[in-house]
Amino acid sequence: MRRLSNKPNAENDNIISATTTWKCELKWMSLLGISVAFLMGFSGLFSLSVVLQDTFLPFSHSSLLHFHQGYDTDSSESSQSDNNDLLGGLLTKGFEKGSCLSRYQASLHRKMSSYTPSSYLVSKLRAYERLHQRCGPNTESYNKTLELIDSARIPDTASDCNYLLWLSFSALENRILSITSAFLYVILTDRVLLIDRGSDMDDLFCEPFPDTSWLLPVNFPFPNQLLSFDQKSGMSNGNMLRNNINSNSNSSYPSSLYLYLARDYDEYDQLFFCDREQRFLHNVPWLIMKTDNYFIPSLFLIPSFEKKLHDLFPQKETVFHFLGRYLFHPTNSVWGLILRYYDAYLSKADEKVGIQIGELDAGAGSSHHVLDEIMACGIEEGLLPPLNQQEEVVIPNATPKLKALLIISLNSGYYESIKNMYWEKPAVNGEIVTIHQPRFQEMEKWTHNRMVWAEMYLLSLTDVMLTSSGSTFGYVAQGLGGLKPWILDKPENGTVPNPPCRRAVSVEPCFHAPPLYDCKAKRGVNISDLVPYVRLCDDMSWGLQLVDT
């Protein structure tokens with residue numbers, strides 16, 4: 001038998017070494033391939049989970065928990081993000097985000113405002129928050145002042161805290177406008193605003209002030225008396241002035257007074273807007289206000305408020321824009337409704353066009369004239385693309401623009417008609433036009449005012465607006481959005497107005513029932529001639545509106 005040689009063989013060793021090396025590399029590559037495959041598979045599963053999450057969570061409460069985060073490694077970007085979330089300083093950080101998601105998320109769903117709040121307004125809001133924390137419900141100061149409310153008169157001494165109680169009254173959009181007016185009034189007069197919660201105020205709006213509440217406590221005395229308060233109430237300020245009951249007394253003041261400032265108020269109620277009456281009211285601890293008006297323009301005509309108002313709002317048309325965004329944040333339940341609709345139908349659009357149709361079609365058979373007016377206005381002003389009546393298919397030169405139309409109306413016929421127009425014929429420029437109308441009214445579990453609030457807020461998230469003349473619903477949306485809408489007038493004699501619409505000159509709402517009394521001259525005058533920044537409204541010739549000059 002031939003013996004095997006024990007001598008080393010260089011060639012064999014090289015073969016074995018190469019083979020071993022190749023096997024090791026093969027094992028290493030196999031392990032690397034397995035690792036890559038595992039990571040790709042995990043990534044795929046993660047991506048699938050995200051897709052599924054995006055598919056289902058927009059229709060669940062979980063989708064509300066995604067917060068906008070700045071980059072931790074870039075303090076400037078994080079600071080800018082915080083500034084955007086806080087609306088340029090309007091809002092404070094003193095809230096737990098989960099308690100009111102809309103407060104910090106809303107800025108992610110609308111264009112950045114072109115307006116900047118004054119530093120004085122920001123400082124006054126922070127000062128007011130401190131005042132409300134000190135004097136709000138169930139504080140020592142509140143309980144002390146509450147003891148005075150059933151007293152006939154009080155000594156001529158300043159109270160530690162004075163209050164304005166706003167009574168819940170009228171349609172939701174009017175309530176929003178009147179609360180804003182009441183809030184500006186308390187800022188000017190160092191009072192604390194408390195609002196009557198009515199049947200649903202706490203269900204619609206988050207608390208606007210940190211670490212306290214603006215809701216009137218349920219154990220507030222005389223609830224039945226508050227419900228029955230009207231213009232004829234004996235302790236209304238107007239009636240006291242009419243009957244000359246101690247309104248000019250310098251020795252003592254009533255503990256409470258009713259202010260009736262609704263649309264049917266009379267000339268005595270309207271004396272509220274005179275400086276002389278404001279000096280008297282300053283010493284009354286409890287003012288109880290019933291109003292459905294946006295009366296802010298007339299506050300700008302009170303001389304003692306003029307300097308402070310100028311410092312608060314150098315741009316006069318921003319009053320409701322800033323105060324509305326500060327005060328009114330949808331509760332999580334309403335925000336969920338808004339956010340899911342927005343994400344599903346509006347978020348991907350290059351431009352969002354809001355169309356609000358109120359009382360334009362009140363007459364029988366007039367709706368088709370209103371439809372003609374909407375289309376004429378939209379096409380002439382470049383808000384809606386014209387239809388191509390000759391071609392069935394239009395091939396755009398570039399990626400087509402996606403335009404979403406949000407229609408808010410009690411009449412679904414406008415939605416159906418406009419949808420059919422853009423379905424049956426293409427736009428001349430190849431734009432893709434989608435038409436949407438919320439059907440919240442068909443959801444029985446939602447209260448009427450939740451639906452109204454969701455629709456108003458959605459309308460405020462659009463980029464441009466067409467709105468009915470004199471619509472307080474439209475006022476709220478345009479103010480929150482910082483938009484100057486195109487105004488649609490009611491068709492007369494069955495014809496479309498020429499021109500079909502006009503651009504509003506101001507973001508501000510219109511005061512529909514202003515006093516026509518000059519306190520200095522003590523006679524009726526054209527109030528719009530007194531100062532250049534208060535003028536007659538675009539859409540209501542007898543109303544007053546703030547404008548920039």
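Helices (H or I, at least four residues) and strands (E, at least two) are DSSP runs, numbered from the N terminus. This is a predicted model, where local features need pLDDT of at least 70, side-chain atom pairs count only at pLDDT 80 or more, and totals for chains, interfaces and linings use all residues. Residues are numbered from 1 along each chain as its sequence is written, and side-chain values use heavy atoms, with hydrogens and water left out.

**View 1. Helix α15 and the glycine that follows.** Just past the end of α15, Gly 382 has a positive phi of about 75°. The helix itself covers residues 367-380, which is 14 residues. From first C-alpha to last, α15 reaches 20 Å, close to the 20 Å expected at 1.5 Å a residue; the expected span is 1.5 Å times one less than the number of residues in the helix. Buried means under 20% relative accessible area, exposed means over 50%, and partly exposed is in between (1.4 Å probe, protein chains only).

**View 2. Where α4 meets α12.** Two packed helices are described by the angle between their axes and the distance between the axes. For α4 (residues 119-135) and α12 (residues 303-312), the angle is about 105° and the axes are 7 Å apart. Axes here are lines fitted to C-alpha atoms, for helices over the stretch in contact, and angles run from 0 to 180 degrees between N-to-C directions. α4 and α12 are therefore roughly perpendicular to each other. As for the wording, angles under 35 degrees count as roughly parallel, over 145 as roughly antiparallel, 65 to 115 as roughly perpendicular and the rest as oblique. On the α4 side, the contact uses Tyr 120, Leu 121 and Lys 124, and α12 brings Lys 308, Asp 311 and Leu 312. Contact means heavy atoms within 4.5 Å. Sorted by class, the α4 contact with α12 has three nonpolar, no polar and three charged residues. The classes go like this: Ala, Val, Leu, Ile, Met, Phe, Trp, Tyr, Cys and Pro count as nonpolar, Asp, Glu, Lys and Arg as charged, and the others, Gly among them, as polar.

**View 3. Where α6 crosses α17.** The axes of α6 (residues 172-189) and α17 (residues 448-460) cross at roughly 65° and come within 10 Å. That makes α6 roughly perpendicular to α17. Leu 172, Glu 173, Arg 175 and Ile 176 of α6 make the contact with Asn 449, Val 452, Trp 453 and Met 456 of α17. By class, the contact of α6 with α17 has five nonpolar, one polar and two charged residues.

**View 4. Two glutamines on helices.** Are Gln 278 and Gln 478 buried or exposed? Gln 278, in helix α10 (residues 275-281), is buried at a relative accessible area of 6%. Leaving out residues up to four places away in sequence, Gln 278 touches Tyr 185, Thr 189, Phe 272, Ile 302 and Phe 305. Gln 478 sits in helix α18 (residues 472-481) and is buried too, with a relative accessible area of 4%.

**View 5. Loops with something to check.** Leu 87 is in the loop between α2 (75-85) and α3 (101-105), and its phi is near 55°, a positive value in a residue other than glycine. Leu 87 is buried, with a relative accessible area of 18%. Asn 138, in the loop between α4 and α5 (140-146), also has a positive phi, near 70°. At 56% relative accessibility, Asn 138 counts as exposed. Which peptide bond is cis? The one from Asn 498 to Pro 499, with omega near 0°; Pro 499 lies in the loop between β11 and β12.

**View 6. Asp 160 in its loop.** Asp 160 is found between β1 (153-155) and β2 (163-166), and is partly exposed at 46% relative accessibility. Not counting residues up to four places away in sequence, Asp 160 touches Arg 134 and Ser 141. Asp 160 and Cys 135 are 25 residues apart in sequence, and their C-alpha atoms are 8.5 Å apart in space.
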